[in-house]
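This briefing is intended for a reader who is new to the structure shown below. Please read the points with the sequence and the model side by side.

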Amino acid sequence: MRLKLHFLPREEVDSEHLSALLSKLGDNTIVVIDTKLTPQQEAHLIKESLKRVSGDFSGIEFGTLHLGSRAKTVKGRVVEFLSGHQRGLTLIGSSSLIEKIEHHPRLLQLHLR
Amino acid sequence: MVIGHIRRFYAHVRALVEKIFARRREIKIGLYGPPNTGKTTLANRICKDCLGEELGTVSEIEHETRTVQLKEKIKVQRASRSLLFTLIDTPGIATKIDYEQFVKRGLTKSDAKERAREATRGVIDAIRWLDDVDIVFLVVDVTKAPINQVNVTILGNLEVRGIPTAIIANKMDLKTAKFHRLRAAFPQHKTIGVSAKTGKNFEAVYETIAELMK
């Protein structure tokens, strides 16, 4: 099985794009966003994915890898805080694909430096 | 993020103004959580205690509650205070609903698909109701791993909305209950361990309602 990773930059993370990315999820695509979603975005994602539930699509699984703060000064941390950018990766996949990966973990390996 | 902070500040100011000037209205307490954590069992116990009647049906099969259920004018007496509130039992929130899980539980394919359809509508409604509740109890199955996407998403949404929250660790009657694991997972929230089925430590629920309604 060939897995596809679809990257979405954080600048494009809004309700419209989050809803649109659900159509990209299929049997073999994982969407990777280079930020942590806000709770409201997560709730929106859950709502929109459940609207699409059918015989072939039962929903999604998503998770976040936290990468911590990069700022070394107080000013830097304040800027990071106010800008709302939270370092991390959010991975979103259809629940059937995630189940396959759980049963065969070697299907997906992610190396971060 | 700045907008989030402004929204939270506005929510606090609005709540304060409403508290000072608005006419007394019934507080809405919502029960939220993943499926099968005992929200309806909990709601039934509260309604039975206070009104003499139950709110909804319970089942071993997930997503038994598929519409938001309300019970108004629930009155609890605590010391010299009379607490009046509306209790809202919500469908269990899930990121996926697969009709085949219901077929495995013995439903026919068509019944299973219909249950799945109703369950998805119910979850969407439950998320929408987050804008209308005043206090939330996150009901968690204390025998299961506490950190999951649903619990994190619900708590995150409650936090940005400034909604007072407590966690109810339900199913404390079971031998596999791990209360300390749950409390350690969410140290910033008050967590009470109860059994909605047996009534164990249920006084703590009413004490917490009184605290959150101050």
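B:Arg115 is buried because its relative accessible area is 9%, where buried means under 20%, exposed over 50% and partly exposed in between, with a 1.4 Å probe and protein chains only. The model is predicted, and local features need pLDDT of at least 70, side-chain atom pairs count only at pLDDT 80 or more, and totals for chains, interfaces and linings use all residues. Residues are numbered from 1 along each chain as its sequence is written, chains are lettered from A and ligands numbered from 1 in the order in which they are written, and side-chain values use heavy atoms, with hydrogens and water left out.

- B:Arg115 belongs to helix α4, which covers residues 109-128 of chain B; helices (H or I, at least four residues) and strands (E, at least two) are DSSP runs, numbered from the N terminus.
- Apart from neighbours within four places in sequence, B:Arg115 is in contact with B:Ser59, B:Ile61, B:Glu62, B:His63, B:Glu64, B:Arg66, B:Phe102 and B:Leu107, contact being defined as heavy atoms within 4.5 Å.
- B:Leu182 is part of helix α6, residues 179-185 of chain B, and counts as buried because its relative accessibility is 2%.
- When neighbours within four places in sequence are set aside, the contacts of B:Leu182 are B:Val140, B:Val142, B:Pro146, B:Ile167, B:Ala169 and B:Thr191.
- The C-alpha atom of B:Leu182 is separated by 29 Å from that of B:Arg7, and these residues are 175 apart along the chain.

**Overall form of chain B**

- Chain B contains seven helices and six strands, and their order along the sequence is α-β-α-β-β-α-α-β-α-β-α-β-α.
- The radius of gyration of chain B is 17 Å, which agrees with the value near 17 Å for a compact globule of 214 residues; the radius is taken over C-alpha atoms, and the globule rule is 2.2 Å times the number of residues to the power 0.38.
- Along the principal axes, the C-alpha atoms of chain B fill a box of roughly 55 × 40 × 35 Å.
- Of the 214 residues in chain B, 48% count as buried.
- Among contacts in chain B with a separation of 6 or more, 70% come from residues 24 or more positions apart.

**Loop residues**

- B:Asn36 has a phi near 65 degrees, a positive value in a residue other than glycine.
- The loop that holds B:Asn36 runs between β1 (27-32) and α2 (39-51) of chain B, and B:Asn36 is partly exposed, with a relative accessible area of 26%.
- B:Lys171 has a phi near 75 degrees, again positive in a residue other than glycine.
- B:Lys171 is located in the loop between β5 (165-170) and α6 of chain B, and counts as partly exposed at 21% relative accessibility.
- In chain A, A:Glu11 is found in the loop between β1 (4-8) and α1 (15-21), and counts as exposed because its relative accessibility is 62%.

**Interface between the chains**

- In the interface, 22 residues of chain A are in contact with 20 residues of chain B.
- A:Ile46, A:Lys47 and A:Leu50 supply 26% of the area that chain A buries against chain B, more than any other three residues; buried area is the accessible area (1.4 Å probe) that two parts lose on being put together, summed over both.
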